[in-house]
Amino acid sequence: MLANKLKAITLTIFPSIFFASYAVASDVPDFTEGCLQNNNLGRATCQCLATRAKTELSPKAYAMLVATFYQDSATMDQLRPQLTFEDSIAMGTFMQNNAEECDHGAS
């Protein structure tokens, strides 16, 4: 079941990775709510991911991921040219690499 969740997450994030750009600083509740709205993950898992994202992603990659959750095209258009290749890769693999750990830790 978690594999299906991760597949959905990856499909949600990867199309936007290489179109990323600039955003306003996002906070953990915005991440958590966006995660809940766009993934089949529980609140505790999304909260865990939000906390990890704040520390593991650059501020721009974090903001882009949040903008992706909310399908905020204006923010994504601003952020896109500002993200490095490394930011894009980190953002794209973040959910896949952390969702399972957070899911197990949240259970």
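The model is a predicted one. It holds three salt bridges, and a search of the whole structure finds two aromatic pairs. F31, Y62 and F69 form one aromatic cluster.

**Salt bridges**

- R43 and E33 meet through their side chains in a salt bridge, with an N to O distance of 2.8 Å. Because R43 lies in helix α3 (residues 43-56) and E33 in helix α2 (residues 28-38), this pair ties together parts that are 10 residues apart in sequence.
- R43 counts as partly exposed, at 42% relative accessibility, and E33 is likewise partly exposed, at 31%.
- A salt bridge also joins the side chains of E101 and R52, at 3.1 Å from N to O. This pair links distant parts of the chain, with E101 in helix α6 (residues 85-106) and R52 in helix α3, 49 residues apart.
- R52 has a relative accessibility of 22% and therefore counts as partly exposed.
- In the salt bridge between R80 and D77, the closest N and O atoms are 2.7 Å apart. R80 is partly exposed at 29% relative accessibility, and D77 is partly exposed at 44%.

**Aromatic cluster**

- In one of them, the ring centres of F31 and Y62 are 5.6 Å apart and the planes stand at 20°, so the pair is stacked.
- The rings of F31 and F69 have centres 5.1 Å apart and planes at 80°, which means that the pair is edge-to-face. This pair links distant parts of the chain, F31 in helix α2 and F69 in helix α4, 38 residues apart.
- F69 is buried, as is F31.
- The charged end of K54 sits over the ring of Y62, at 4.4 Å from the ring centre.

**Helix α3**

- At 1.5 Å a residue, the 14 residues of α3 should span 20 Å; the end C-alpha atoms of α3 are 19 Å apart, which agrees.
- The buried residues T45, C46, L49, A50 and A53 lie in α3. These residues cover an arc of only 140° around the axis, so they lie on the same side of α3.
- Helix α3 also contributes R43 to the salt bridge with E33 and R52 to the salt bridge with E101.

Conventions:
Residues are numbered from 1 along each chain as its sequence is written. This is a predicted model: local features need pLDDT of at least 70, side-chain atom pairs count only at pLDDT 80 or more; totals for chains, interfaces and linings use all residues. Side-chain values use heavy atoms; hydrogens and water are left out. A salt bridge is a side-chain nitrogen of Lys or Arg within 4 Å of a carboxyl oxygen of Asp or Glu. Helices (H or I, at least four residues) and strands (E, at least two) are DSSP runs, numbered from the N terminus. Buried means under 20% relative accessible area, exposed over 50%, partly exposed in between (1.4 Å probe, protein chains only). The expected span of a helix is 1.5 Å times one less than its number of residues. The arc is that of the directions from the helix axis to the C-beta atoms. Rings of Phe, Tyr and Trp (its six-membered ring) pair if their centres lie within 6.5 Å; planes under 30 degrees apart count as stacked, over 60 as edge-to-face and the rest as tilted. A charge sits over a ring if NZ of Lys or CZ of Arg is within 6 Å of the ring centre and within 35 degrees of the ring normal.
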